[in-house]
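Let's take a walk through this structure together.

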Protein chains: 2
Amino acid sequence: MNSNSILQIKNVCLLIVLISFQIFPQLDSLKLNQYNLVADQITRKALTKKTGYKLLQELCAIGPRLSGSENSLRSIYWAKEKLENFGVDKVWLQSVMVPHWERGSVETAEIVKENGTNGKSLNILSLGGSVATTENGITANVIEVKNFTELKERQNEVKGKIVFFSRTLDESLLNTFAGYGGAVDQRFYGAMEAAKYGAVAVLIRSITTKYDNVPHTGVMGYVDSLQKIPAAAIGYLDSDYLHNALIENPDLKINLNMNCKTFPDTQSYNVVAEITGTEFPDEIIVVGSHFDSWDVGCGAHDDGAGCVQSMEVLSFIKELGIKPKRTIRCVLFINEENGSRGGKEYGKFVETNNENHLAAIESDRGGFTPIGFDVDTDSSTLNKIRSWLPVLEKSGITWIKKGGSGVDIQYIKNTKAKLGYVPDAQRYMDVHHSANDTFESVHPRELELGSASIAIMAYLISEEGF
Amino acid sequence: MNSNSILQIKNVCLLIVLISFQIFPQLDSLKLNQYNLVADQITRKALTKKTGYKLLQELCAIGPRLSGSENSLRSIYWAKEKLENFGVDKVWLQSVMVPHWERGSVETAEIVKENGTNGKSLNILSLGGSVATTENGITANVIEVKNFTELKERQNEVKGKIVFFSRTLDESLLNTFAGYGGAVDQRFYGAMEAAKYGAVAVLIRSITTKYDNVPHTGVMGYVDSLQKIPAAAIGYLDSDYLHNALIENPDLKINLNMNCKTFPDTQSYNVVAEITGTEFPDEIIVVGSHFDSWDVGCGAHDDGAGCVQSMEVLSFIKELGIKPKRTIRCVLFINEENGSRGGKEYGKFVETNNENHLAAIESDRGGFTPIGFDVDTDSSTLNKIRSWLPVLEKSGITWIKKGGSGVDIQYIKNTKAKLGYVPDAQRYMDVHHSANDTFESVHPRELELGSASIAIMAYLISEEGF
C-alpha cells in the first residue's frame with residue numbers, strides 16, 4: 001500500500017467523522033443539563049399554573065374577534081393590559097387599518113316548496129367577504145359540481161343558477177391540513193369561477209372532518225372584472241341532504257337570503273410586547289400568532305390558542321426569573337383571516353426600523369398536543385436546532401423538520417429561521433372557522449404543552465443564537 | 001507509517017461503517033415501496049371506512065364490561081360474531097374463570113350534620129373489590145394523610161377513623177401514566193395500610209387530570225392477615241371540599257354506606273381470532289387488548305378502543321386482500337382490570353400447546369393519536385423494528401423505543417418482541433376508570449390511526465420476521 005492510499009483511507013475516515021458531526025451536532029453536557037433544567041421548569045409551570053388556559057377562558061368570554069369588529073378592539077385592549085401586568089419591558093399597539101365585513105342579521109337558504117319538493121331550511125354561514133343577496137333573496141335552480149373542471153365542462157348549464165360545490169375534505173389523508181388544502185379552492189375561488197359562467201350565487205360544502213351540521217366559514221375572493229355573487233357554506237349533513245334532494249328533483253329551487261356587508265376599512269392594531277435581551281438586545285426572536293378570528297364560536301383553537309401561548313412565553317420568562325440573552329417579543333397579528341394586514345404591517349415596521357430578527361415562531365395550527373416544529377432555514381441552522389431535540393422532548397416535541405412556518409411571520413424579511421409550531425391536528429378541522437371552535441374544545445394540558453414547547457424553543461434560540 | 005497502523009486505520013473505518021449499519025439498518029427501496037403502499041392502503045381504509053369506530057359504538061351501546069357481569073358475556077358473544085363475520089380463518093372462545101364483584105345499589109358518603117357542620121353528600125365510587133360497610137353504614141371521624149409515611153407517623157390517631165388519602169396525581173409530569181403511577185398506591189394499598197392501624201374505612205382522592213367531580217374507581221387489594229375495610233374514591237372537587245371542611249372542623253364525621261359484594265368466581269372467556277400465515281403459519285403475531293372494563297361509563301378508551309383496534313387489524317387484512325406470511329392473531333383478554341386471569345390463561349395455553357409467538361402488540365393506553373411503540377426486545381431486533389419507522393410514519397408514528405409493553409401480553413413467554421402501542425395520553429386520565437369514559441370521548445380519526453399503526457406494525461413483522 002502506498003502513502004497515497006493511506007492518505008485516502010485517512011481522508012475517508014475524516015470525512016465520515018465530519019459527516020457524523022455535521023449531521024448530528026450535539027449540545028455539550030453542561031449546557032444540556034442547564035437547558036434541561038429550564039425546560040423542566042417551564043413544562044411544570046405550564047402544566048400546573050395553566051396561565052395560558054386561564055387567559056384563553058377570559059379571551060373567549062369576550063367573544064369572537066373578527067377584524068374590524070368592536071369585540072376585536074375590546075380583545076386587543078384586554079391583551080395589552082394582560083401583557084403589561086406580566087411586567088415585561090415594553091408593550092405597545094401597532095396601528096393597522098383592517099377590512100371590516102359584517103355577517104348581518106339575515107342568513108337563510110330554503111329549498112322552495114313546490115312541485116312535490118318539501119321546503120327545508122339548510123344550515124348555512126356566509127363566507128367572509130361575501131356580498132349580500134337582493135333584499136328578498138335570490139331564488140334559483142341549483143347545479144352541483146365537484147370541482148372547477150366539472151364546472152367548466154358544464155358551463156352551459158350554469159347561467160342564472162346557484163352553483164353548489166360539493167367536494168368533501170379528503171379524510172383519507174393523515175394530514176388534515178392537506179385535506180383542507182385540497183378542498184379550499186371551492187371556498188376561495190368558487191364565486192369567481194361560477195360568476196364567469198353567469199351563476200347568481202354559490203354554496204359550498206363545509207370543509208370539515210366532523211360529520212355534523214355546523215357550517216364552516218372562511219375567506220373568499222372577488223375580482224372587479226367579474227360579477228360579485230353571494231357565497232355561503234352549508235353544513236356537512238345538509239350538503240348531503242341537498243345532494244340527495246337534487247338527485248330526486250334536479251329542478252328544485254333554493255331561496256338564498258343574506259344581508260352581510262363590507263364597510264370601509266377601520267382602525268385596528270397588532271399587540272406587541274417584549275422582554276429585552278441581556279447580552280444581544282438587538283437580536284429579536286418573535287413568538288407570534290394571529291389575534292383575529294372568525295365571527296362564530298370564539299376562535300379558541302384558531303387562533304386564541306396560539307395567542308395565549310405566545311403571551312404565556314413571556315409569562316414563563318418573568319415568573320421563572322429567566323434572563324434571556326436575546327430579546328423575546330410576542331406579536332399578536334391582527335387580520336390573518338381576511339387580509340394579513342397585521343403581518344404585512346409588522347414586516348414593514350421591521351424593515352423601516354432596520355431591526356434584526358434572528359428567528360420567528362408562529363403557532364396557528366390549534367391548541368393540541370405538541371408533535372414537532374417545521375423550520376424554514378438553511379441546513380446548518382436546521383442541524384443546530386435539531387441538536388436541541390433532547391431538550392424539547394421535555395414538553396413532548398418528537399421531531400424538528402424542514403418545512404413551512406406561518407402566514408404572518410412570512411412578512412418578516414431576512415429572518416434567519418422561521419418556525420411553525422406543529423401540534424397534533426386530527427381534531428382541528430372539526431372546529432376550524434365554525435361555531436364548534438369554543439373554549440370547551442381546548443384541553444388544558446394539550447394547550448399548555450404547546451406554550452411550553454414554544455417557550456423552550458425561544459429560550460434555546462435566545463441562549464444559543466445562530 | 002507501518003502496515004500495523006494502516007491496518008488500524010482500516011479497522012477503525014470498518015468499525016465506523018459497521019456501527020453506522022448496525023445503528024441504522026434500512027429497508028431496501030423495493031421493499032420500502034411495497035410496504036409504503038400497503039401502509040397507505042391501511043391508513044386510508046382506517047380513516048374512510050372507520051370500522052373500528054363503528055364497532056366501538058356498538059360495543060359501548062352494550063354497556064360496561066366488568067369481569068363476571070352479564071354485560072361482559074353479552075359483549076364477548078358480540079365480539080365473537082363480529083370476528084366471524086370478517087371471514088377470518090379461526091375464531092374461538094378460550095375459557096377463563098374470573099372474579100365477580102358487584103357495586104351494589106348503595107354507595108353514599110355524607111358529612112354528618114352536627115356541631116355546626118353542614119351535612120353534604122360527597123360523590124363517591126367504591127373501589128373494585130371493596131367489601132361493603134355494615135348495613136347502616138360506618139359513621140366515623142376522618143384523618144387526612146398524603147401518603148403512607150404520614151400515615152405511619154400519625155398511626156396513633158388512626159384507630160376507629162376513616163383514612164382520607166388526599167394526594168393528587170402530579171399534573172406537572174408530561175407523562176400522565178407517570179402521574180397516575182405516583183398516586184395509585186393509595187388506591188391499591190390504602191385499605192391494607194390503614195387497616196394496620198385500626199382504621200374502619202378509607203376514602204381516596206380520585207386519580208385524575210380533570211378538575212371535575214366524577215369519581216374514578218380501580219382495583220384495590222386486601223390481605224387475609226388484616227381487617228378488610230371498605231374503600232371508595234371521592235370526586236376531585238369533593239376531595240377539595242372534604243380537605244377544607246376538615247381544616248374548619250377536624251372532628252367532623254362521615255357516614256359511609258356501601259353494599260358492594262364479591263361473588264364466587266364465574267365463567268368467562270378470552271376471544272381469539274386469527275388469519276393463518278401463508279408461509280410460516282406456526283409463527284404467531286398477537287394483536288391484543290383487554291376486553292373487560294370498569295362498571296361505569298362504557299370503557300370506551302379503557303380498553304374498548306384497544307379491542308376494536310385489535311379486531312380492525314384482521315378486518316384490514318381481509319378487506320385489502322393482504323396475505324400475511326405469518327399468522328396474525330387477535331386476542332381480547334378478559335379480566336385485566338382486577339386479576340389478569342385472561343392474560344394468565346392465554347399464557348398457559350401458549351405454553352401447553354408449545355406455540356411459537358414471534359411478537360405480541362398490546363393497545364391499552366387509550367384511543368388517541370399515535371405517537372410511538374415501546375418495544376421490549378433485544379437490541380438487534382429493536383434496530384430492525386426501528387428501520388421500519390419510515391413506513392409507520394404513514395399512520396403518524398413518530399418513534400420506536402425500548403420500553404415496557406402491556407399487562408396481558410407479559411404472560412406470553414419466549415416471545416421475541418413485546419410491543420406497547422403508545423398514543424398521546426394527555427386526555428387519558430380525564431376519563432380513565434370513570435363515568436367520563438364514554439363513546440363520545442373517543443375521536444374517530446385518532447382511534448382509527450391507532451388501528452392503522454398496529455396493523456402496519458403487525459404486517460411488517462409478518463413480512464420481515466425476526
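Now try it out on B:A199. With 24 other C-beta atoms within 10 Å, B:A199 is buried.

Before going on, a bit of housekeeping. This is a predicted model, so local features need pLDDT of at least 70 and side-chain atom pairs count only at pLDDT 80 or more, while totals for chains, interfaces and linings use all residues. Residues are numbered from 1 along each chain as its sequence is written, and chains are lettered from A and ligands numbered from 1 in the order in which they are written.

Back to B:A199. You'll find it in the loop between α7 (184-196) and β7 (201-205) of chain B. What does B:A199 touch, leaving out residues up to four places away in sequence? The list is B:V158, B:K161, B:I162, B:V163, B:A194 and B:I229. Here, two residues are in contact if their C-beta atoms, placed from the backbone, lie within 7 Å. Look also at B:A183, 16 residues from B:A199 along the chain: the C-alpha atoms of the two are separated by 20 Å.

Now zoom out to chain A. Its secondary structure comes to 14 helices and 16 strands. The radius of gyration of chain A is 25 Å, close to the 23 Å that the globule rule gives for 466 residues, so chain A is as compact as a globular protein of that length. (The radius is taken over C-alpha atoms, and the rule is 2.2 Å times the number of residues to the power 0.38.) Along the principal axes, the C-alpha atoms of chain A fill a box of roughly 90 × 65 × 40 Å. Buried residues make up 53% of the 466 residues in this chain. And if you take the contacts in chain A with a separation of 6 or more, 83% of them are between residues 24 or more positions apart.

Next, some helix pairs. Find helix α2 (residues 29-49) and helix α14 (residues 444-464) of chain A: they pack at an angle of about 150°, with their axes 9 Å apart. The axes are lines fitted to C-alpha atoms, for helices over the stretch in contact, and the angles run from 0 to 180 degrees between N-to-C directions. That angle makes α2(A) roughly antiparallel to α14(A). The cut-offs are under 35 degrees for roughly parallel, over 145 for roughly antiparallel, 65 to 115 for roughly perpendicular, and oblique for the rest. Which residues of α2(A) make the contact? They are A:Y35, A:V38, A:A39, A:I42, A:T43, A:A46 and A:L47. On the α14(A) side, the residues include A:L449, A:A452, A:I456 and A:L460. By class, this contact has 12 nonpolar, 2 polar and 2 charged residues. Ala, Val, Leu, Ile, Met, Phe, Trp, Tyr, Cys and Pro count as nonpolar, Asp, Glu, Lys and Arg as charged, and the others, Gly among them, as polar.

Another pair in chain A is α3 (residues 51-62) with α4 (residues 70-85), whose axes come within 9 Å and cross at roughly 155°. So α3(A) is roughly antiparallel to α4(A). The contact is made by A:L55, A:L59 and A:I62 of α3(A) and A:N71, A:R74, A:S75, A:W78 and A:K82 of α4(A). Its classes are 4 nonpolar, 2 polar and 2 charged.

While you're at helix α3 of chain A, pick out A:A61, which lies in it. Is A:A61 buried or exposed? With 10 C-beta neighbours inside 10 Å, A:A61 counts as exposed. The C-alpha atoms of A:A61 and A:C298 are separated by 8.0 Å, though these residues are 237 residues apart along the chain.

Last, a look at the backbone. A cis peptide bond joins A:D302 and A:D303, with omega about 0°, and A:D303 lies in helix α9 (residues 300-319) of chain A. In chain B, the peptide bond from B:D302 to B:D303 is cis, with omega near 0°. A:N335 has a phi near 70°, a positive value in a residue other than glycine. A:N335 sits in the loop between β12 (326-333) and α10 (341-352) of chain A, and is buried, with 26 other C-beta atoms within 10 Å.

How values were computed:
Helices (H or I, at least four residues) and strands (E, at least two) are DSSP runs, numbered from the N terminus. A residue is buried if 20 or more other C-beta atoms lie within 10 Å of its own, exposed if 12 or fewer, and partly exposed in between; C-beta atoms are placed from the backbone.
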